[in-house]
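Please look through this structure with the text below as a guide. The paragraphs go from the domains to the whole chain, then to the spaces inside it and to a few details of the backbone.

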Amino acid sequence: MRLILILGDQLSHDLSALRAARPDDIIVMAEVASEAGCVPHHPQKIAFLFAAMRKFAAELRAKGHTVAYATLDDPDNSQSIPGELLRRAADHGATLVIATEPGEWRLIAALSDLPIPVTQLPDDRFLASHAEFEAWADGRKELRMEWFYRDMRRKTGLLMEGDQPAGGQWNFDHDNRKPARADLLRARPPRFEPDAVTAQVLDLVEARFPDNFGRLRPFTYATDRAGALQVLDHFIAHSLDEFGPYQDAMLQDDPFLHHSILSPYINAGLLSPLEVCQAAADAHAAGKVRLNSAEGFIRQIIGWREYMRGIYFLEGPDYTARNVLGHDRALPPVYWGAPTRMNCMAQAVGQTRDHAYAHHIQRLMVTGNFALLAGIDPHQVHEWYLAVYIDAYEWVEAPNVIGMSQFADGGVVGSKPYVSSGNYIHKMSDYCGGCAYKVADKTGPRACPFNLLYWDFLVRHRERFERNPRIGRAFATWDRMDADRRDRIRADAAAFLTRLEAGEVV
Ligand code: DLZ
């Protein structure tokens, strides 16, 4: 007798472990406190996964599989994945577990440590296997996503004309940096009323996780593949064409803009990355979607998403502990919704609280930028992102946060730290108009904190970044400022950081 393990982010009917299943195998799925509580996940994230797991289990049963499913409130539930495997193995006399390799070192180790044999099959829902990524990385002085992405374009044939990229260019980023106008006619992602299964899960989550940061209701995410496909179709038909130019824009009253909101479904396994990209490429081929939009979208998935996973597994289990900049300030309460006078932070965190979602620029250039400039402990930043975003799993979140956003890996992911003064946020959003601080003020009581902290960060880390070709020139600007101004900036930054540490409203 054998057990087949399906984790909450492995809800794909062609999962390698399911392909290996025989008719008499027992499929094990479990809602467990050890996963739901390893960081304080957003209630909508827990509800999304539990509802999707229950529906996936029902689909498997309808196909004839035997599923041993533990709900969180099952009194016999041992509340951990290893515990549930051992319990089910004892119940059924199983002697072997077949799993698809989890997306987190912690769980890979937990499965390897089980007292019964476990076969961990490769997760081939990804385009690049570990061996392929290692071979690609081997011998390169510097790893850069762009080169990897081009290989993935060649491998998939997406937006390729023979061996050349469609339109003669691999990357259309220069067309894709427009601020957005407020537009009441912009399409919104479809909303799904909770059905009976989801409603029951919502009640369970409300009762069990009352103190987790984030609103549980209204809950409007799809929780099965059919719903996820509707979101995909809607995105391709109504939003993808404008996604490209406005993908970096931020608007106060529009949390989603032209973003697809497909990452929760792709990362949980309800949609495959390739089918999503193929739909975008087909829409372009049919003349419905401009090339820079299709290319920008496809790059996020077969480029960035795959690259993040490659880095996570290449760098090893200690990756989330890296902190080359020695940042040690505690994550301030504003990340958990405490009042702030910084409108951009209030908007990005408020939208995260309401939807368990923020798009990549809000994550990178608002909350991430602030944490880096303020010298927050990157491990705490990593745990926050892992907890609050509905699409966050360690294999994708850690390289994005520890690497790209916090530069805590010393430049494995990014060739420079992603830092900016208030100007970038002002250019790309409508946040600054409604802010208590003034983005035009570089010093003084109303100076935008990003303006102060930007220089303070660079000066603190001058030795490391001065010779960096992508950011080094900023030091020449700093050196040209008169000494009084430089002193004022540093004194105002220090005062701001003192207030932040004291827990004052900043
Ligand atoms: C994220 C998550 C949560 C909140 N809960 C569960 C759960 O109860 N059962 C489960 O099988 N998976 C859950 N997950 C997803 C796992 O944490 C995920 O499989 C690992 O982090 C590896 O990506």
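In this predicted model, 14 residues of domain 1 are in contact with ten residues of domain 2, where contact means heavy atoms within 4.5 Å. The C-alpha centres of domain 1 and domain 2 lie 31 Å apart. The assignment gives domain 1 (2-121), domain 2 (130-189 + 239-315) and domain 3 (333-501); such bounds come from an automatic or database domain assignment. Residues are numbered from 1 along each chain as its sequence is written. Local features need pLDDT of at least 70 and side-chain atom pairs count only at pLDDT 80 or more, while totals for chains, interfaces and linings use all residues, and side-chain values use heavy atoms, without hydrogens and water.

The protein chain has 22 helices and seven strands, which are DSSP runs numbered from the N terminus (helices H or I, at least four residues; strands E, at least two). Its C-alpha atoms fill a box of roughly 75 × 55 × 50 Å along the principal axes. A compact globule of 506 residues would have a radius of gyration near 23 Å, and the 23 Å of the protein chain agrees with this; the radius is taken over C-alpha atoms, and the globule rule is 2.2 Å times the number of residues to the power 0.38. Buried residues make up 58% of the 506. Here buried means under 20% relative accessible area, exposed over 50% and partly exposed in between, with a 1.4 Å probe and protein chains only.

On a 1 Å grid over the protein atoms alone, a cavity is a set of points where a 1.4 Å probe fits but cannot get out; a pocket is an open set with protein on both sides within 12 Å along at least five of seven lines, and lining residues have an atom within 4 Å of a point. Grid points are joined across faces, edges and corners, and a volume is the space filled by probe spheres set on the points.

The largest cavity has a volume of about 410 Å³. Domain 1 and domain 3 both give residues to its lining, so the largest cavity lies between them. Of its 25 lining residues, Asp9, Glu35, His41, Leu49 and Tyr393 lie nearest the centre. Helix H3 gives the most to this lining, with five residues.

The second largest pocket holds about 390 Å³ of space. Because domain 1 and domain 2 both contribute to its lining, this pocket lies between them. Its lining has 30 residues, with Ser12, Arg125, Gly269, Leu271 and Pro273 nearest the centre. Helices H3 (43-62), H11 (263-268), H12 (273-285) and H13 (291-315) each supply at least two lining residues.

Most residues other than glycine have a negative phi, and most peptide bonds are trans. The peptide bond from Arg217 to Pro218 is cis, with omega near -5°, and Pro218 lies in the loop between helix H8 (196-208) and helix H9 (225-238). Gln79, in the loop between strand S3 (66-70) and helix H4 (81-92), has a positive phi near 70°. Ile261, in the loop between helix H10 (240-246) and H11, has a positive phi of about 55°. With 21% relative accessibility Gln79 counts as partly exposed, whereas Ile261 at 6% counts as buried.
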